[in-house]
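Subject: Structure for you to look at

Dear colleague,

I am passing on a structure that is new to you, and below it I set out what was found. Please read the notes with the model open beside them.

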Amino acid sequence: PGEVTDTPKVERITKFMDWWARVWSPIRSFFDSWTKYAIGMGDVLTESAWEVEELDSGQEEEIPMTDEQGMPLTNQDGTPANQKIRKLNRIEKTVSRIITKDKWLFMDGAKDIQKDVVIMKETFLFKDLEEMERQGMALNIVSKLRPLIIVPAPQGLDPIESERIRDIKMRNVPVEIVRWYGHYDIDGTGYRDSIRMMVASEHRVYLGGVRMKDVTKSGRRPLDCTKYNDFFRRIDSLEGEGCLHQVRELSEELDAIFNQMTDANTLNVLRPGFYDPSGDLDAPTIKLAPNRMTPVTNPSQNVYFPPFDIPTERLINAIRLVMEFIERLTAASNYVMGRESEIVGGSGTATRTNAIMQSAETRFTIPADRLRAGAARILTTHLDLIQLNIPQGMETRVLGEDNQPLFQQGELTDQGISGQYDAFLAPDLTFGSKSMEREIANLLYGVLLQNPLVATDPVKIYKITADLLK
């Protein structure tokens with residue numbers, strides 16, 4: 001908050017966003033996949049949007065009919081002319097989705113996701129494009145794109161039935177779409193607006209464009225690019241280095257070691273040998289089978305199988321050595337299972353395990369801070385979308401434990417939540433552990449009870465006790 005009077009408003013928005021992200025538009029599962037993708041691939045591109053879902057209520061409502069000038073029409077008997085339409089329940093939410101690396105392109109030297117050009121290549125079904133046109137999110141779908149998509153009609157059927165089947169096939173035709181984020185002077189004023197355009201690349205049909213100021217309240221792109229780690233040679237690049245890239249060469253080395261062990265086992269089971277060609281041994285006709293004997297004259301002299309002494313123990317030690325490198329790079333090891341190391345024969349004591357885990361936490365503090373900052377930016381984008389599109393009557397949806405509204409009338413409107421706010425995610429001291437959370441709660445409870453300001457006030461004692469039990 002910038003002023004003292006802003007504090008209640010900030011607290012109100014914090015409480016509202018906590019309800020929005022947990023109850024109304026849950027994003028926990030998204031952040032689960034988002035974190036895994038960022039750690040594995042090294043970077044993750046996220047696009048957020050305002051999603052509207054219309055559900056049929058099974059009821060109809062009448063609306064007055066108007067002419068081109070907006071004047072109400074009347075029937076022949078003088079009564080107002082009304083039109084019956086289906087009553088739909090609108091559910092409006094914010095959503096975020098991951099754009100995988102094979103679907104986006106950056107220009108060479110791109111450094112800022114908000115300033116540089118971003119290109120996305122995706123595939124939509126034609127029925128989804130029709131729905132987007134119906135909602136006003138696209139154009140030229142039916143008038144220009146549909147005639148260019150060739151779907152043969154089935155033969156030997158009635159023309160009406162044949163056309164119906166063709167329409168069904170048309171709805172499920174995949175269409176490759178290119179979406180372009182960039183800057184362009186639309187109205188010729190000399191100012192380059194931040195816009196997003198959509199084009200059917202295969203058919204070269206323009207499907208619409210929109211200014212970013214009509215997408216978010218701040219006019220910023222609803223995009224975020226979070227890096228897990230940097231490449232040494234491309235520090236400023238939007239692409240990052242993930243755990244999969246770090247362990248790629250080590251995994252190839254493990255594959256080579258396992259191949260050597262497989263070859264060694266093959267040589268031990270199917271040994272190559274030598275025999276006297278002038279003897280009575282007919283090698284091509286020999287069949288090996290369990291409990292089968294083959295007569296050979298003087299086998300110790302005429303047949304020889306050289307010994308192959310392959311030190312597989314060295315290969316196993318090499319595997320353990322490579323695994324040690326992987327564990328140090330990624331902290332994905334048996335350390336978390338209570339063992340210090342398989343090479344040194346760790347005792348598995350809690351003290352040693354905690355020491356190793358604390359060292360890993362120190363090493364991965366910076367990547368974890370980057371992920372928290374990226375998640376905070378995504379939450380800020382959600383608030384940016386809400387400030388522009390918040391539906392009416394949200395105060396009646398957010399209820400407290402006593403089933404009473406938490407917000408007063410007018411507090412959850414475009415004016416009530418207007419302003420510039422940034423989300424911040426504090427580190428979780430419990431790391432998702434319920435037992436550690438209980439230990440911290442008990443410790444805090446004991447400390448507060450020793451505070452005279454709390455111990456002398458029954459209301460405060462009741463409050464901290466209720467928080468502990470909760």
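In what follows, Ala, Val, Leu, Ile, Met, Phe, Trp, Tyr, Cys and Pro count as nonpolar, Asp, Glu, Lys and Arg as charged, and the others, Gly among them, as polar. This is a predicted model, in which local features need pLDDT of at least 70 and side-chain atom pairs count only at pLDDT 80 or more, while totals for chains, interfaces and linings use all residues. Residues are numbered from 1 along each chain as its sequence is written, and side-chain values use heavy atoms, with hydrogens and water left out.

The second largest pocket holds about 1200 Å³ of space; a pocket is an open set of points on a 1 Å grid over the protein atoms alone, where a 1.4 Å probe fits, with protein on both sides within 12 Å along at least five of seven lines, and lining residues have an atom within 4 Å of a point. Of its 37 lining residues, Ala 49, Trp 50, Met 132, Met 137 and Arg 196 are the closest to its centre. By class, this lining has 16 nonpolar, eight polar and 13 charged residues. Strand E1 gives the most to the lining, with seven residues, where strands are DSSP runs of E of at least two residues and helices are runs of H or I of at least four, numbered from the N terminus.

Elsewhere, the axes of helix H7 (residues 248–269) and helix H9 (residues 312–330) come within 10 Å and cross at roughly 165 degrees, axes being lines fitted to C-alpha atoms over the stretch in contact, with angles from 0 to 180 degrees between N-to-C directions. H7 is therefore roughly antiparallel to H9, a term for angles over 145 degrees. Their contact (heavy atoms within 4.5 Å) involves residues including Leu 250 and Phe 258 of H7 and Leu 315 and Phe 325 of H9, and by class it has 15 nonpolar, two polar and one charged residues.

With best wishes

How values were computed: Points joined across faces, edges and corners; volume = space filled by probe spheres on them. Parallel < 35°, antiparallel > 145°, perpendicular 65-115°, else oblique.
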